[in-house]
Structures are given as C-alpha cells and as structure tokens.
Amino acid sequence: MTYDPTGHLLLTPIDQEAPARVQRLRQLGIGERPEPVFDEFAHKLAEVTNAPYTMVNFIDENRQFFAGLHTPGGTHSGSDLGAGVGGSGGVSRFMARDHGYCPHVVVRRKALVLEDVCDYPRFAGNPVVDEIGIRSYLGAPLIDRTGVALGTICVVDTEPRPWGRAGLETIKAMAAELVEKIHRREDGLI
C-alpha cells in the first residue's frame with residue numbers, strides 16, 4: 001500500500017496503459033467532448049439498472065471525462081461542462097483521476113461491483129463518498145479490439161444497492177454493446 005505525505009492511503013492504482021489509451025482515444029476521435037450517442041447510452045443504462053447516475057467514462061493520465069452522462073435531472077448537453085464534482089452534489093463532465101472507482105476498473109480490466117462502498121476500507125475513503133455521497137458502484141471496462149481499455153461504463157447510487165450477479169452480468173453485457181458500437185463507428189458502419 002502507498003501513502004501520501006499526509007499519511008492517507010493512496011487508493012488510485014498506477015495506470016501504465018494511460019499513454020496508449022490516450023493515443024487510441026484520439027485515433028477514435030472520442031473522449032474529449034460530450035456526444036449525444038454516449039448520453040443516449042448513459043440514459044439507456046440508467047433505465048436498465050434503475051440507477052440515478054450513469055456514465056460513459058474515458059480516462060487519460062490526469063482526469064476522467066464523462067462523454068456520456070445521466071443524472072437524476074436527466075441527460076446533459078455539452079453546455080454543462082465543468083471542472084469537477086461540485087461540493088453541492090452537482091456532477092459535471094470532468095472528475096479527477098483519484099476520485100471514484102473507474103480508474104480501478106480500467107487498470108484491473110475487470111468489472112467491479114460495490115454494493116456498499118463503506119463495506120470496503122480501500123474504497124470507503126474515496127473522495128466521492130464524502131463529496132457527493134456515493135454509496136454503491138457498478139462498472140465495467142470498455143476494452144476495444146486493440147486490447148486497450150478505453151474507459152468504463154458505470155452506475156452509481158447514493159444508497160447501497162444489491163447489484164448481485166445479475167447486476168454484474170448486466171454491466172458487462174452493456175459494456176460489450178457499447179464497444180461494438182464504437183467499433184461500428186470506427187468501421188464507418190454508423
């Protein structure tokens with residue numbers, strides 16, 4: 001385990017694939033601006049999981065970018081870009097790399113189910129718990145045909161959720177569906 005100078009456990013894993021991911025995202029032309037197709041996918045993910053917050057998240061060396069975002073207020077447009085997660089509970093398109101659980105999913109290259117983040121000391125101390133009240137998380141990596149983990153799709157709630165095996169299978173299937181859409185887009189089929 002690694003600690004920062006103030007003695008706090010550093011929770012975000014080292015991401016050695018980040019430079020290759022950034023290059024691949026640029027090649028695909030995604031991950032730097034909101035896109036209606038990703039917002040629509042986030043909305044669909046919210047309907048399927050009945051979760052208040054859902055994201056299509058692309059991660060670079062320093063930050064996370066929600067190219068697709070759904071919140072309880074609905075799907076967002078490109079005009080809602082902000083600098084991070086607001087202390088008032090607001091969610092913007094950007095979040096620091098050390099906030100949240102998606103960086104773990106990308107580095108692990110496996111889906112992650114946290115029915116109650118407070119049950120896991122490693123994850124309970126994440127800034128999103130105190131800053132915006134996240135209590136449950138379900139996410140899966142978006143691994144494309146080149147083998148690069150482009151980012152994640154995820155759902156979060158401010159209440160513990162019994163995602164179970166059904167939630168795990170759902171998030172993995174939805175990730176595969178989105179990766180297929182990205183491939184069809186790259187191939188000029190959509």
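**Exercise 1.** Is F123 buried or exposed?

*Solution.* Buried is under 20% relative accessible area, exposed over 50%, partly exposed in between (1.4 Å probe, protein chains only). F123 has a relative accessible area of 10%, so F123 is buried.

The model is predicted: local features need pLDDT of at least 70, side-chain atom pairs count only at pLDDT 80 or more, and totals for chains, interfaces and linings use all residues. Residues are numbered from 1 along each chain as its sequence is written, and side-chain values use heavy atoms, without hydrogens or water.

**Exercise 2.** Classify the ring pair of Y120 and F123.

*Solution.* Rings of Phe, Tyr and Trp (its six-membered ring) pair if their centres lie within 6.5 Å; planes under 30 degrees apart are stacked, over 60 edge-to-face, the rest tilted. Here the centres are 6.5 Å apart and the planes stand at 65°, so the pair is edge-to-face. Y120 is partly exposed, at 36% relative accessibility. Ring pairs join Y120 and F123 with Y101 and Y137 in a cluster.

**Exercise 3.** Classify the pair of F38 and F58, and locate both residues.

*Solution.* The structure holds five aromatic pairs. In this one, the ring centres lie 5.5 Å apart with planes at 70°, so the pair is edge-to-face. F38 sits in helix α2 and F58 in strand β1 (residues 53-59), 20 residues apart. Helices (H or I, at least four residues) and strands (E, at least two) are DSSP runs, numbered from the N terminus. F38 is buried at 2% relative accessible area. F58 is buried at 2% too.

**Exercise 4.** Which residues on α2 face away from its buried side and are exposed?

*Solution.* Buried residues of α2 include F38, F41 and L45. The face turned away from the buried side carries exposed P36, E40 and E47.
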